[in-house]
Amino acid sequence: MAIVVTAGEAVSRIEDGMTVMTGGFLGVGTPEVLLDALVGRGAKKLTLISNDTAFPGRGNGKLVEAGCLKKVIASHIGTNPITQQQMKEKILEVVLIPQGTLAERIRAAGAGLGGILTPTGVGTEIEKEKTVLTIDGRRYLLEVPLYADVALIKAHLADEAGNLVYKRSARNFNPVMAMAASLVIAQVDRVLPVGSIDPDQVMTPGIFIDLIVQTGGEQVGDLRTAR
Amino acid sequence: MATLEPQDKRIIIARRAARELQDGYVVNLGIGLPTLVANYVPEGIKVWLHSENGFVGLGPAPAPGEEDPDVVNAGAQPASIIPGGACFDSCMSFAIIRGGHLDLTILGALEVDEKGNLANWMVPGRIVPGMGGAMDLVVGARRVIIATEHTLKDGSPKIVRRCQLPLTAAGEVDLIITELAVIEVTREGLLLKEVAPGVTPREVQARTGASLIIPDTVATMEI
């Protein structure tokens, strides 16, 4: 059974210096309430693994602005000028990874694989210092698993067993991150009694989830003004 | 050769690129100019637009007030999902891209060269936004079309002998569509296939940073 806790209780388990994965794509499907609590706790020196750093004031952008991070591992930081500024000033180390490779490295960690072979990045600077293997005449890069101490994910619905259902494009990295961290905390809009979600409809099995934070629906900001 | 406004160039490129679509194709359109291609899908052709953030069946932007915060395109702009569309996670999204299930991607370029190399993700020391899904798209899509203005604003060529910027992918580009020409990347080099109405092959060559193979007859772009 996953345990339902407050956002404050959940993030009190996250220590300075830990590696934290956060779900979301440019702030959509991001556990905003957990990130607010993390900022409120004054977290420091975290390594963030996420697709992007969203926008100033939104999603992972909040962690960047509050100075919670020492390192970001992401596929894209172009929508957040503060991340780029901190990178230039060498306050923040940024490692850029192709998005599909990022997803599969996280999956490898959660699936017990020693790595994956991908053609993405062959012949580019991504290839530097990587092992290249030729399979059936095609060249692939060996990409190793990417684990985290904590995964902060966002779903639409949970039941008390921790089974999760996501909505539309808010699914993105959340299911795979739920498999790749020692502690998995899910922010959900609603928690339903056990048995309320048909087993065929479950998108992430509850066995992956440790803590649930219910928000009762969250304000995600005005998309029309988001850049 | 008439001087075109930037907006006219973009429409010419998008219209011509849309003529490469075939019925039933699964297609990913890059952010910026390539997104315009969706406005010019030829009559009688239905394509499935793939949105890398996690669905196929990308539809038009919703009317004001109809936005769903959980339905956005890969640029985080409000979007819609057409009937028959399907949602999935990032691993599935990139399995579709890399696994040969994407018939075509249309992307922009900073530089593209005669070997089919593409640079479109960073300018060292100036802009380092990250590659996002671009490297996977260029390597994975069955066909890669570059839809771009022929030159930079100052007239310097974007189509070059060798890319100088860091590559997005090596040797993956199939076709280049600009407001002046349609150019195919072949083993022998860049083959001029079509020129825009009123443009001569010589004029295209003068604005290109690589040697073009110019056949005896070059078709006129239908736009």
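I began with chain A and looked up its contacts (heavy atoms within 4.5 Å): among those between residues at least 6 apart in sequence, 72% join residues at least 24 apart. I note here that this is a predicted model, in which local features need pLDDT of at least 70 and side-chain atom pairs count only at pLDDT 80 or more, while totals for chains, interfaces and linings use all residues. Residues are numbered from 1 along each chain as its sequence is written, chains are lettered from A and ligands numbered from 1 in the order in which they are written, and side-chain values use heavy atoms, with hydrogens and water left out.

**Chain A overall.** I found six helices and 12 strands in chain A, taken as DSSP runs numbered from the N terminus (helices H or I, at least four residues; strands E, at least two). The radius of gyration of chain A, taken over C-alpha atoms, is 18 Å, close to the 17 Å of the globule rule for 227 residues, so chain A is as compact as a globular protein of that length; the rule is 2.2 Å times the number of residues to the power 0.38. The C-alpha trace of chain A spans about 50 × 40 × 35 Å along its principal axes. Of its 227 residues, 56% are buried, meaning under 20% relative accessible area with a 1.4 Å probe, protein chains only.

**Leu63(A).** I then turned to Leu63(A), which lies in helix H3 (residues 61-65) of chain A and is buried, with a relative accessible area of 1%. Leaving aside neighbours within four places in sequence, I see Leu63(A) in contact with Leu35(A), Leu38(A), Val39(A), Leu48(A), Cys68(A) and Leu69(A).

**Where chain B meets chain A.** I looked up the interface next, and 39 residues of chain B are in contact with 43 residues of chain A. The buried area, that is, the accessible area (1.4 Å probe) that the two parts lose on being put together, summed over both, is about 3300 Å², with 61% from carbon and sulfur atoms. In chain B, Asp70(B), Cys91(B) and Arg98(B) lose the most area to chain A, together 17% of what that side buries.

I count two salt bridges between the chains, the term being a side-chain nitrogen of Lys or Arg within 4 Å of a carboxyl oxygen of Asp or Glu. One of these joins the side chains of Asp70(B) and Lys167(A), at 3.7 Å, N to O. Strand E4 (80-87), helix H2 (90-98) and helix H3 (134-140) of chain B each supply at least two residues of the side that touches chain A, and H2(B) gives the most, with four residues.

How values were computed: Buried means under 20% relative accessible area, exposed over 50%, partly exposed in between (1.4 Å probe, protein chains only).
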